[in-house]
Amino acid sequence: MSIYSNYVSCASVLLLSLAAVSSGSADKSWAGNASSSLSVTATVPPVVNVDTTPINNITYDATGSNAQSTITITASLGMTLTIRMGQGTNPDSGSTPENPSRRMKSVAGNYLNYDLTTDANHSNNWGDTKPTGVTLTGTGSQEQVPLYLRILPNQNVPAGNYTDTIQMTTDY
């Protein structure tokens with residue numbers, strides 16, 4: 001076999017190989033395209049976190065006593081909410097959600113009247129309705145809401161420890 005016949009033989013094999021590759025790849029070529037949409041959704045639930053500071057160890061005298069506390073609230077950005085204060089566990093007769101008449105009670109069953117208000121002048125009783133609650137719009141950050149307590153003056157009560165528990169509700 002001559003070099004020429006080896007060359008022709010190799011060239012024939014190469015041409016046959018190229019023909020096989022090109023005919024096989026024609027079946028796998030991209031003939032067009034198709035598209036579709038992918039829907040992506042997320043839900044951001046409303047977030048409300050409330051933390052209160054108890055009002056403890058107030059010493060009462062006949063001239064009355066005042067104290068202040070804060071409610072720390074974090075609400076989702078743009079969320080409107082109302083903080084309502086219940087009548088307490090010992091409401092006086094005639095107490096209403098709109099105008100609570102709150103009382104602390106001693107172990108002996110005696111009562112000490114007090115107010116929870118939205119202002120330091122004690123002119124706005126903090127009630128258990130939307131109009132008498134405190135409304136605010138969430139910022140997504142912690143906010144401090146002041147709470148004022150006033151034990152009414154001139155109460156003739158025996159010495160002792162007086163307590164009450166208020167149900168605070170946040171509507172949103």
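# A guided walk through the fold

Guide: Welcome! Read along the sequence, the protein follows the pattern α-β-β-β-β-β-β-β-β-β. Helices (H or I, at least four residues) and strands (E, at least two) are DSSP runs, numbered from the N terminus. This is a predicted model, in which local features need pLDDT of at least 70 and side-chain atom pairs count only at pLDDT 80 or more, while totals for chains, interfaces and linings use all residues. Residues are numbered from 1 along each chain as its sequence is written, and side-chain values use heavy atoms, with hydrogens and water left out.

Visitor: Which stretch has pLDDT under 50?

Guide: pLDDT is the predictor's confidence in each residue, from 0 to 100. The protein averages 87, and 84% of the residues score at least 70. A contact needs heavy atoms within 4.5 Å. With 1 contact beyond four places in sequence, the stretch with pLDDT under 50 is residues 4–21.

Visitor: What share of the protein's residues count as buried?

Guide: Buried means under 20% relative accessible area, exposed over 50%, and partly exposed in between (1.4 Å probe, protein chains only). Of the 172 residues, the buried share is 28%.

Visitor: Which elements give two or more residues to the lining of the largest pocket?

Guide: On a 1 Å grid over the protein atoms alone, a pocket is an open set of points where a 1.4 Å probe fits, with protein on both sides within 12 Å along at least five of seven lines, and lining residues have an atom within 4 Å of a point. Grid points are joined across faces, edges and corners, and the volume is the space filled by probe spheres set on the points; the largest pocket holds about 800 Å³. Of its 29 lining residues, the closest to the centre are Ile55, Asn56, Met104, Leu149 and Asp164. The elements that give two or more residues are β5, β7 (142–151) and β8 (162–163).

Visitor: How many residues in that pocket's lining are nonpolar?

Guide: Ala, Val, Leu, Ile, Met, Phe, Trp, Tyr, Cys and Pro count as nonpolar, Asp, Glu, Lys and Arg as charged, and the others, Gly among them, as polar. The lining has 9 polar residues and 1 charged, and the number of nonpolar ones is 19.

Visitor: Is His122 buried or exposed?

Guide: His122 sits in the loop between β5 and β6, and its phi is positive, about 60 degrees, although it is not a glycine. Most residues other than glycine have a negative phi. Asn66, in strand β2, touches His122 as well as Leu149 and Arg150. His122 has a relative accessible area of 14%, so it counts as buried.

Visitor: What is the relative accessibility of Asn57?

Guide: Asn57 also has a positive phi, near 55 degrees, in a residue other than glycine. Its place is in the loop between β1 (48–52) and β2 (65–75). Asn57 counts as exposed because its relative accessibility is 77%.

Visitor: Which residues does Thr53 touch, not counting those up to four places away in sequence?

Guide: Thr53 lies in the loop between β1 and β2 and is partly exposed, at 43% relative accessible area. Its C-alpha is 6.1 Å from that of a residue 16 places away in sequence, Ser69. Beyond four places, Thr53 touches Ser69 and Thr70.

Visitor: Why does Gly133 count as buried?

Guide: Gly133 is in the loop between β5 (111–117) and β6 (134–137). Leaving out residues up to four places away in sequence, Gly133 touches Thr82, Ile83, Trp126 and Gly127. Gly133 counts as buried because its relative accessible area is 17%.

Visitor: How far apart are the C-alpha atoms of Pro158 and Asn110?

Guide: Pro158 lies in the loop between β7 and β8 and is partly exposed, at 41% relative accessibility. Pro158 and Asn110 are 48 residues apart along the chain, and their C-alpha atoms are separated by 7.5 Å.
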